[in-house]
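User: Could you go through this model with me? I will jump between topics as questions come up.

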Amino acid sequence: MACPASVHDFIVVGGGSAGCVLAARLSEDENVRVLLLEAGAGQPLEASAVPPAWPTLLGSSMDWCTSTVELAATGSPMPWPRGRGLGGCSALNGMVFARGHSSSYDAWTEAGAKGWGFADLLPYFRRTENVEGRDPALRGVGGPLTVRPAEPNPAVRALLDAAAEAGHPVATDISGGREEGFGLPDLNIVDGARQSAADAYLRPALRRPNLDVVTDAPVHRVLVEGGRCTGVEYRVGTEVVTAACTREVVLTAGVVGSAQLLLLSGIGPRAHLREVGVDLTLDLPGVGANMHDHPMTTVVYTSRQPMAASAINYGEAIGLVRSGPGTDGPDLQILFVAMPYYDVMTLPGPQEGYTIAVSLMNPRSRGTVRLATADPAAAPLLDPAYLTDERDLQVMALGLRTAREIGDAPALDPWRDAEALPGLDVFGADRTQDYLRRSLLPYFHGVGTCRIGSDDAAVVDSDLRVHGIDGLRVADASVMPSIVSANTHATVYAIAERGAVLLTG
């Protein structure tokens, strides 16, 4: 990649989904110079382009290979994958491209994130995508990301029929943000290959002379003088490099990385920074707090007939449902997976079959990202605090019941052999909650550690500016006040698109 100029107008830290968008959009103005810094590699592994190969990328060089601390719910740590390299999680994930239900974003405005409701974000959602044959008032045409559903595995098609038999509505555009029910989501797959943020946004922009991209360059800290961010310090090989910035530094390092960089820069809770030996720049208590993800459990079935190999991504259909009539919006996602999906290290289960996964869309549990030491190379301490709020267990139990009702529907009679997990002996509140803890899986959708708001615990304002520091913004999943009722990928793109407008408008 190109060597950076010594001074840039904008520095974007993190070349994942949001960083690729920001670097591409900001460099559209030939009068500004943009530097994108990425800790990982410039080229993905070959398997990244192959949709059903995505599970093999977990634990690879494209993964930070983070683990959580010992979790209160399980008594043990858990692997917590996150993307490393240009494209970030978009080069590593399951490729589902779905907005949350509109109620998810309207909850942000109710929590103090003014101007971030669904209607406010809709122009930016539409700007990201190229979708044919949908409502043009809701979906975009001509954007960088070409997204569409794919014909699912025959077992997944039977699961969709089973959901309808169980009384759930059929959605015509489950990725659009307006519907509840079951349907085929859009996927970031074009001509049989993954389309990452690097593919869609960044690589077409690399020919621009005003865009510098440096990979294998972990950032150590942002530099602050007199209350203003003036640049960043990063490493290339054994050399420590300083890059100056005349306008703004934008953190797009994700829910873990952006919070970690602020903490390493002395921006965060005073007591924690003192504990790990980082000099205080600004006491900002909310940095690294409010960490949460969609907790997941699964119901796994053995099949009466051979399962066709998936040519897509295994998780080929989703449903948004409510756990009860009193909820403000859909609070459970049901995901149909064309293979057994469970933690093979903790549970006995089959090698062939299909899965109905259940994920809680509005968890109440909140965790943290914290530094282990002041060394930028040290892995941070990550605690998503899954299932520490009793209400999460209660709603997950209702979701498990919904999954089993779908699994018992007549449409699955040609496929269903036996319920391998949790097994018919798991019933009643105690056994169900025990299974929820034992079967707990992360969904790789962490958010919230630099949340938008105006209260004392907020980290950025409604324009994504870090409270108390001029010239510094955050524009990634970490700014979400609460998690949305979908895979978070599409929302990250929209946040970044809006961030680009805020930076240049």
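User: To start, how many bridges pair strand β17 with β18, and in which sense?

Analyst: This is a predicted model, so local features need pLDDT of at least 70 and side-chain atom pairs count only at pLDDT 80 or more, while totals for chains, interfaces and linings use all residues. Residues are numbered from 1 along each chain as its sequence is written, and side-chain values use heavy atoms, with hydrogens and water left out. Strand β17 (residues 315-321) pairs with β18 over six bridges in the antiparallel sense, and Gly315 stands opposite Val337 in β18. Helices (H or I, at least four residues) and strands (E, at least two) are DSSP runs, numbered from the N terminus, and two strands pair if DSSP finds at least two bridges between them.

User: Which sheet are they in, and in what order do the strands come?

Analyst: The sheet is an open one of six strands with antiparallel pairing, in the order β6-β17-β18-β19-β16-β22. Because β6 (181-183) and β22 (416-421) stand at the edges with a single partner strand each, one side of each has no neighbour in the sheet. Neighbouring strands are turned by 20° against each other on average, direction ignored. Helix α4 (residues 154-165) packs on the sheet and touches β6, β17, β18 and β19, and its direction makes about 145° with that of β18. Axes here are lines fitted to C-alpha atoms, for helices over the stretch in contact, and angles run from 0 to 180 degrees between N-to-C directions; contact means heavy atoms within 4.5 Å.

User: Where is Pro350, and is it buried or exposed?

Analyst: Pro350 lies in the loop between β18 (332-337) and β19 (354-360), and it counts as buried because its relative accessibility is 14%. Buried means under 20% relative accessible area, exposed over 50% and partly exposed in between, with a 1.4 Å probe and protein chains only.

User: What does Pro350 touch beyond its neighbours in sequence?

Analyst: Leaving aside neighbours within four places in sequence, Pro350 is in contact with Val300, Thr302, Pro340, Tyr342 and Ala420. Of these, Pro340 is ten residues from Pro350 along the chain, and their C-alpha atoms are 6.7 Å apart.

User: Switching to cysteines, how many disulfides are there?

Analyst: The count comes to zero disulfides, where a disulfide is a pair of cysteine sulfur atoms within 2.5 Å. The sulfur of Cys245 is 6.6 Å from the closest cysteine sulfur, that of Cys229, and this is too far for a bond. Cys450 is in no disulfide either, as the nearest cysteine sulfur, again that of Cys229, is 13 Å away. Cys245 counts as buried at 9% relative accessibility, and Cys450 counts as buried at 0%.

User: And helix α10, how covered is it, and why does its span agree with its number of residues?

Analyst: Helix α10 is mostly covered, with 13 of its 16 residues buried. At 1.5 Å a residue, the 16 residues of α10 (residues 489-504) should span 22 Å, and the end C-alpha atoms are 23 Å apart, so the two agree. The expected span is 1.5 Å times one less than the number of residues.

User: Which elements do the buried residues of α3 pack against?

Analyst: They pack against β3 (96-97), α2 (102-110), β4 (129-130), β5 (145-146), α5 (197-202) and α10. The buried residues of helix α3 (residues 118-128) include Phe118, Leu121 and Phe125.
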